[in-house]
Amino acid sequence: MPEAALHRELLARMWLNRAFEEKVSELYASRVITGLLHLAIGQEAVAVGACSHLRTDDWVLGGHRSHGHAVAKGADVKRLMAEIAGRATGYCGGKGGSMHLVAMDAGFVTATGVVGGQIPLALGAAFAAKEGGRQQVAVVFFGDGAGQSGAFHESLNIASLWRLPLVFVCENNGYAEFTPLSAHTLVERLARHAETYGMPAHTLDGNDLLAVHDAMGKAVSQARAGKGPVFVECLTHRMRGHYEGDPAKYRELSQLAEWKEKDPIARFARMIETRSGLTAAEHGAIEADARARIEDAAQFAIASPWPDADEADTQVSAGHG
Ligand SMILES: Cc1ncc(C[n+]2csc(CCOP(=O)(O)OP(=O)(O)O)c2C)c(N)n1
């Protein structure tokens with residue numbers, strides 16, 4: 001795709017992501033959506049930059065803050081919105097909700113509310129991809145908090161040892177819930193762990209869409225070529241609290257203002273104004289188109305029925321301790 005067209009396509013995907021999350025927030029405020037909700041507003045460049053290199057049959061896994069990963073992977077926004085709103089037309093019949101999204105038709109294998117749980121699951125996806133012999137790759141998104149789990153280290157080791165086609169994407173937003181990174185580790189850059197396990201690793205500005213896009217292009221090519229896993233650490237920031245309603249008193253207002261300056265959408269748009277001749281009118285139309293698609297998705301979710309009570313114990317599993 002010519003560069004100018006690619007830039008416009010990426011901007012459209014960023015807006016689709018932002019519009020989706022803002023609409024979810026609005027529906028939460030009006031209690032159409034309930035439960036615990038974690039938004040990734042401000043982190044869109046990671047999801048969009050990473051997924052822009054993936055085929056539909058590549059696999060993506062994420063955690064509790066993963067709406068944007070599913071949107072960027074190409075999941076149907078209507079079925080996603082309905083799922084988050086707990087409706088029968090959602091991807092999981094309304095039983096998964098915000099933290100347990102699945103969209104297999106788009107290669108979105110799963111999200112999970114178990115912090116770090118997606119990382120070893122991604123080994124399975126990558127192993128299946130390798131055995132399948134169709135040059136598929138798996139990509140797993142997780143936060144800096146998840147990077148402190150034991151399963152994270154075991155997974156890096158196995159992925160490296162077995163040369164799995166897996167790209168680890170760490171969204172280092174500096175906080176795990178309300179705890180700053182400095183309070184849960186002395187290792188400021190999680191990419192250093194990957195080096196320990198013999199894996200190529202990069203740390204980059206996760207609010208710079210083209211930086212993510214370029215790094216992920218190389219990482220995905222390496223994994224697809226059978227040369228083993230790659231670790232990409234994206235330094236970013238969530239512009240909302242840990243969950244919707246979090247007063248976020250643990251953050252300085254100055255810090256938030258500084259990161260708003262680095263808003264990945266505004267920043268990318270400014271860049272392509274000069275580099276690809278994006279006009280204000282074009283930009284407005286791209287944003288309006290994204291918001292219209294998301295409004296349709298919201299209306300679809302609102303008009304959808306609740307799951308039938310008889311369905312409550314189907315498609316679920318439970319274990320005994
Ligand atoms: C196994 C487990 N431990 C603790 C929690 C509670 N918890 C929910 S989110 C979170 C912090 C996760 O931080 P991070 O991985 O950096 O992701 P972010 O929220 O920054 O996207 C914690 C500890 C949980 N859900 N699962």
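# Questions about a predicted model

Modeller: In this predicted model, the largest nonpolar core holds 91 residues, and those that touch the most other members are Leu-80, Ala-138, Val-140, Leu-166, Val-167, Val-169 and Val-232. The largest share of this core, eight residues, is supplied by helix 1.

Biologist: Which residues does Leu-166 touch, not counting residues up to four places away in sequence?

Modeller: Leu-166 is among the core residues that touch the most other members. Leaving out residues up to four places away in sequence, its contacts are Ala-122, Leu-123, Ala-126, Ala-138, Val-140, Ala-159, Ala-223 and Pro-229.

Biologist: How many helices and strands does the chain have, and how does its radius of gyration stand beside the globule rule?

Modeller: The secondary structure of the chain comes to 11 helices and eight strands. For 321 residues the globule rule gives 20 Å, and the chain is close to that value, so it is as compact as a globular protein of that length, with a radius of gyration of 19 Å.

Biologist: What percentage of the contacts in the chain with a separation of 6 or more comes from residues 24 or more positions apart?

Modeller: The C-alpha trace of the chain spans about 60 × 50 × 45 Å along its principal axes, and 47% of the 321 residues count as buried. Among contacts with a separation of 6 or more, the part that residues 24 or more positions apart account for is 75%.

Biologist: What distance does helix 1 reach from its first C-alpha to its last?

Modeller: Helix 1 covers residues 3-29 and has 27 residues, and it is followed by Arg-31, whose phi is positive, near 65°. At 1.5 Å a residue the expected span is 39 Å, and the helix is close to this, with a reach of 39 Å.

Biologist: Is helix 4 largely enclosed or exposed, and which helices do its buried residues pack against?

Modeller: Helix 4 runs over residues 77-84, and because eight of its eight residues are buried, it is largely enclosed by the rest of the structure. Leu-80, Met-81 and Ile-84 are among these buried residues, and so are Lys-78, Arg-79 and Glu-83. The buried residues of helix 4 pack against helix 1, helix 3 (67-72) and helix 11 (280-303).

Biologist: Why does Ala-70 count as buried, and what separates its C-alpha atom from that of Leu-80?

Modeller: Ala-70 is found in helix 3, and it counts as buried because it has 30 C-beta neighbours inside 10 Å, where 20 or more are needed. Its contacts beyond four places in sequence are Ala-75, Leu-80, Leu-101, Ala-103 and Phe-108. Ala-70 and Leu-80 are 10 residues apart along the chain, and their C-alpha atoms are separated by 8.1 Å.

Biologist: Is Gly-174 buried, exposed or partly exposed, and which residues does it touch?

Modeller: Gly-174 is found in the loop between strand 4 (166-172) and strand 5. With 18 C-beta neighbours inside 10 Å, Gly-174 counts as partly exposed. Not counting residues up to four places away in sequence, Gly-174 touches Asp-144, Pro-180, Leu-181 and His-237.

Biologist: How do the residues of the shell around the ligand divide, and which come nearest?

Modeller: The shell residues divide into six nonpolar, six polar and three charged. Of the 15 residues around the ligand, those that come nearest are Val-115, Gly-143, Gly-145, Ala-146 and Ala-176.

Technical notes: Residues numbered from 1 in each chain as written. Predicted model: local features only at pLDDT ≥ 70, side-chain atom pairs only at ≥ 80, totals over all residues. Near = placed C-beta within 6 Å. Nonpolar A, V, L, I, M, F, W, Y, C, P; charged D, E, K, R; others polar. Helix = DSSP H or I, 4+ residues; strand = E, 2+ residues; numbered from the N terminus. Expected span 1.5 Å × (residues − 1). Buried ≥ 20, exposed ≤ 12 C-beta atoms within 10 Å, placed from the backbone. Contact = placed C-beta atoms within 7 Å. Core = buried A, V, L, I, M, F, W, Y, C linked by C-beta atoms within 7 Å. Rg over C-alpha atoms; globule rule 2.2 N^0.38 Å.
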